[in-house]
Amino acid sequence: IPPNARIEKLAGGFEWAEGPVWDRKAKALLFSDVPRNVVFQWKEGVGTTDHIFPSGYTSAAVRVGEPGSNGLAFDRSGRLVLCQHGDRRVALWEGGDSFTPLVEYWKFRRLNSPNDLDFHSNGDLYFTDPPYGLEGKNSDPKKELMFNGVFLLRRDAQLVLLIRDLTFPNGIALSPDEKTLYVAVSDPARPVIMAYDVKEDGTAENGRVFFNAAPLAPGRKGLPDGLKVDQAGNVFATGPGGVLVIAPEGKHLGTINTEHATANCGWGDDGSSLYITADYYLCRVKTTTRGKGF
């Protein structure tokens, strides 16, 4: 982070901003407001406009909680893919209010509420499936899976359960060399970021704690949530205090202190701008690095 860097507040008034992703074609940022069931677009010189509504819950039945989209990502063809809490699926946006489901079930049981996602360069998709989109969370009677999993959706549409022993898997990202998979666990009792080795077939093994955020939690808002990786392999992970910057070997280099519970972050512009969704704010900070994929 440059010594003179400052956190810019770009927009505010959201209920819970999430899932920032850079739209290269539009030169704009897309992000979710999960409770409001909207994907917003923010563009330099224009500001914030509605982009997709409904974004994650398309039923007419009234419900509460966090029904909207959460994590957003673009596939290799430049198409927007959304984790849809309310519809309990990962879906491809076809424009307007039209979506094509990519995955909804594991062994004939409905997913909980897909939360965050990351694409492998070969087109495979990794995503987490905690209960946050269910109105009753883990105790919701509509919950069909007895665990909160991490999944791999292969290019041929085969769904593989990778991890089932994490309490609240949340943010997810691959390292630049795609040999390590990071998963944030947003559990107040065990706020950690896990790391797994990615095997040749895309599955994960050798799970270990990459970073324990518990010592940072007292007096600071937030838990491990969304995370992204820069070109050098540093992990920019939301957690207690804001965005934690963690070296590839797990050393905490510092915190971008937002003073708010911070949901997620994502690279944009030329790849050196880090956009941050911090509670009801959309923020941005310049860095001296670039995000993976830029």
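Reply: Happy to! Keep in mind that this is a predicted model.

Me: Which strands pair over five bridges, and in which sense, parallel or antiparallel?

Reply: The general idea comes first: strands of a sheet pair through backbone hydrogen bonds, and the pairing is either parallel or antiparallel. Here, strand E21, residues 235-239, pairs with strand E22, residues 242-246, in the antiparallel sense, and five bridges link them.

Me: In what order do the four strands of the open sheet come?

Reply: Read across the open sheet, the order is E20-E21-E22-E23, with antiparallel pairing. At the edges are strand E20 (227-229) and strand E23 (252-257), each of which pairs on one side only. On average, neighbouring strands in this sheet are turned by 20° against each other, ignoring direction.

Me: Now the cysteines. How many disulfides does a search of the whole structure find?

Reply: For a disulfide, two cysteine sulfur atoms must lie within 2.5 Å. Searching the whole structure gives zero disulfides. Take cysteine 83: the nearest cysteine sulfur belongs to cysteine 265 and is 16 Å away.

Me: Are cysteine 83 and cysteine 283 buried or exposed?

Reply: The cut-off for buried is under 20% relative accessible area. Cysteine 83 has 0% relative accessibility, so it counts as buried. Cysteine 283, at 4% relative accessibility, counts as buried too.

How values were computed
Residues numbered from 1 in each chain as written. Predicted model: local features only at pLDDT ≥ 70, side-chain atom pairs only at ≥ 80, totals over all residues. Heavy atoms only, no water. Pairing = 2+ DSSP bridges. Helix = DSSP H or I, 4+ residues; strand = E, 2+ residues; numbered from the N terminus. Axes fitted to C-alpha atoms, helices over the stretch in contact; angles between N-to-C directions. Buried < 20%, exposed > 50% of the residue type's maximum accessible area, 1.4 Å probe, protein only.
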